[in-house]
Amino acid sequence: MKILLQFPEGLKKNALSEAQKLEKEGHEVYVSSSSCYGACDLPMDEARTLQIDKVIHFGHSKFIQKGLPFDVEYREYYADIDVEKLKEAIPSLEGKKRIVLVTTVQHIPQLEQMKSFLEKHGKEVLIGKGCFTAHSGQVLGCDPTAATSVSKDADAILYVGDGKFHPTGIRSELPIFSLNPYSGQCRKINEEIERIRKRKKGMMLKALECRVFAILLSTKPGQLCIRAAQDAKKKLQAAGFTAEILVSNEFNPVSIGNFPQFECYINTACPRADEDSELFDKPIINAVDLDEFLKLYVESGSG
Ligand code: SF4
């Protein structure tokens with residue numbers, strides 16, 4: 001079988017040994033060296049050019065399986081944590097009985113242990129399910145809904161994992177705590193989420209001065225959403241703006257900056273792009289926030 005291996009940056013160190021194992025089994029093996037941001041980001045060009053039978057994607061959980069010209073196997077990567085580190089969250093959770101617990105795929109095998117630990121400390125633990133995630137309790141940067149799907153009667157949300165991208169995508173009025181299971185640091189992140197929300201609002205206020213919009217449509221198979229791009233274009237045109245769709249696998253701020261006529265970007269791809277907004281010299285608004293922008297436009301009296 002012709003197999004193409006794909007690794008996110010942090011796991012590329014395992015490529016040689018994984019390739020050799022499969023070669024010993026008699027497969028024809030190739031390794032994609034392209035950048036890889038997530039499970040949404042399969043190496044389509046390499047797979048099509050080489051007429052690959054199967055892509056093995058390491059590090060992330062199942063995301064896209066249908067409609068591809070090859071088979072895909074997602075091999076998750078786990079990082080064991082010391083569950084006792086959750087004790088650092090207990091003082092923050094004092095007085096809060098019902099806790100929504102979420103984490104990333106790396107720690108999913110220990111979710112039950114984390115739940116038991118919190119239960120031993122008198123908590124009732126709620127575990128929700130996201131829209132695109134493979135596991136209950138798992139959040140993605142583009143799908144934090146496991147945190148809010150069961151939060152109606154909860155008192156707090158606890159995210160266990162490192163990094164800011166996953167927990168700061170959670171939208172909830174509840175107190176949200178982020179526990180780094182390596183350092184043991186537990187922080188309430190509502191203010192940080194509010195800062196991000198204000199930054200997004202600031203971006204929208206800047207965009208009120210723009211008339212020509214580029215809608216960014218990524219060809220990465222898990223990000224490609226032609227309907228969202230077309231809807232965004234129609235809505236902008238109906239509001240009197242000029243809008244065109246720019247298509248690329250990945251959006252490089254320098255190369256899209258070479259289209260001087262566009263004054264603002266509407267991003268239908270990974271929400272991480274607007275987190276990295278300082279790299280772009282023009283306002284960038286995620287497509288999910290477009291209605292809010294258009295409402296602001298009407299309220300501002302410009303529309
Ligand atoms: S769209 Fe972004 S957040 Fe979602 S899986 Fe892909 S890289 Fe991760």
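This is a predicted model: local features need pLDDT of at least 70, side-chain atom pairs count only at pLDDT 80 or more; totals for chains, interfaces and linings use all residues.

Student: What makes strand 3 and strand 4 a pair?

Tutor: The cut-off is at least two bridges between two strands. Strand 3 and strand 4 have six bridges. So they pair, because six meets the cut-off of at least two. Two of the partners can be named. F58 has R75 of strand 4 as its bridge partner. H57 has Y74 of strand 4.

Student: How do you know that strand 1 pairs with strand 3?

Tutor: Use the cut-off again: at least two bridges. Strand 1 (residues 2–6) and strand 3 (residues 54–59) are joined by four bridges and run parallel. Therefore they count as a pair. Within strand 3, K54 is the bridge partner of I3.

Student: Which order do the strands of this open sheet take?

Tutor: The order is 2-1-3-4, in an open sheet of four strands with parallel pairing.

Student: Why are strand 2 and strand 4 called edge strands?

Tutor: Each of them pairs on one side only. Neighbouring strands here are turned by 20° against each other on average, direction ignored.

Student: What lies across strand 1 and strand 2?

Tutor: Helix 1 does, running at about 165° to strand 2.

Student: Why is helix 1 said to lie largely in the open?

Tutor: Count its buried residues. Helix 1 covers residues 15–24, which is ten residues, and the number buried is zero, so it lies largely in the open. Just after helix 1 comes G26, with a positive phi of about 95°.

Student: Why is L5 called buried?

Tutor: The cut-off is 20 or more other C-beta atoms within 10 Å. L5 has 21, so it is buried. L5 is found in strand 1. Leaving out residues up to four places away in sequence, L5 touches A15, E18, A19, V29, V31, S32 and I56.

Student: How far is L5 from S116?

Tutor: Their C-alpha atoms are separated by 36 Å, and the two residues are 111 apart along the chain.

Student: What makes L42 buried?

Tutor: Again, 20 or more is the cut-off. L42 has 24 C-beta neighbours inside 10 Å, so it counts as buried. L42 sits in a loop, between strand 2 (28–31) and helix 2 (44–49). Not counting residues up to four places away in sequence, L42 touches Q6, V55, H57, I64, V72 and P221.

Student: What is the order of strands in the open sheet of five?

Tutor: The order is 6-5-7-8-9, and the pairing is mixed. The edge strands are strand 6 (124–126) and strand 9 (186–188), since each pairs on one side only. On average, neighbouring strands of this sheet are turned by 30° against each other, direction ignored.

Student: How do you know that strand 5 pairs with strand 7?

Tutor: Five bridges join strand 5 (residues 98–103) to strand 7 (residues 156–160). At least two are needed, so they pair. They run parallel. Helix 3 (residues 111–120) lies across strand 5, strand 6 and strand 7, at about 155° to strand 5.

Student: Which residues are around the ligand?

Tutor: They are Y37, G38, A39, C40, D41, L140, G141, C142, G222, Q223, C270 and R272. By class, six are nonpolar, four polar and two charged.

Student: What makes D41 and R272 the charged ones?

Tutor: Asp and Arg are in the charged class, so D41 and R272 supply the two charged residues.

Student: Why does the radius of gyration of the chain agree with a compact globule?

Tutor: For 303 residues, a compact globule would have a radius near 19 Å; the chain has 21 Å, which agrees. The C-alpha trace spans about 60 × 60 × 30 Å along its principal axes. Buried residues make up 38% of the 303. The chain holds eight helices and 13 strands.

Conventions:
Residues are numbered from 1 along each chain as its sequence is written. A residue is near a molecule or strand if its C-beta atom, placed from the backbone, lies within 6 Å of it. Axes are lines fitted to C-alpha atoms, for helices over the stretch in contact, and angles run from 0 to 180 degrees between N-to-C directions. Two residues are in contact if their C-beta atoms, placed from the backbone, lie within 7 Å. A residue is buried if 20 or more other C-beta atoms lie within 10 Å of its own, exposed if 12 or fewer, and partly exposed in between; C-beta atoms are placed from the backbone. The radius of gyration is taken over C-alpha atoms; the globule rule is 2.2 Å times the number of residues to the power 0.38.
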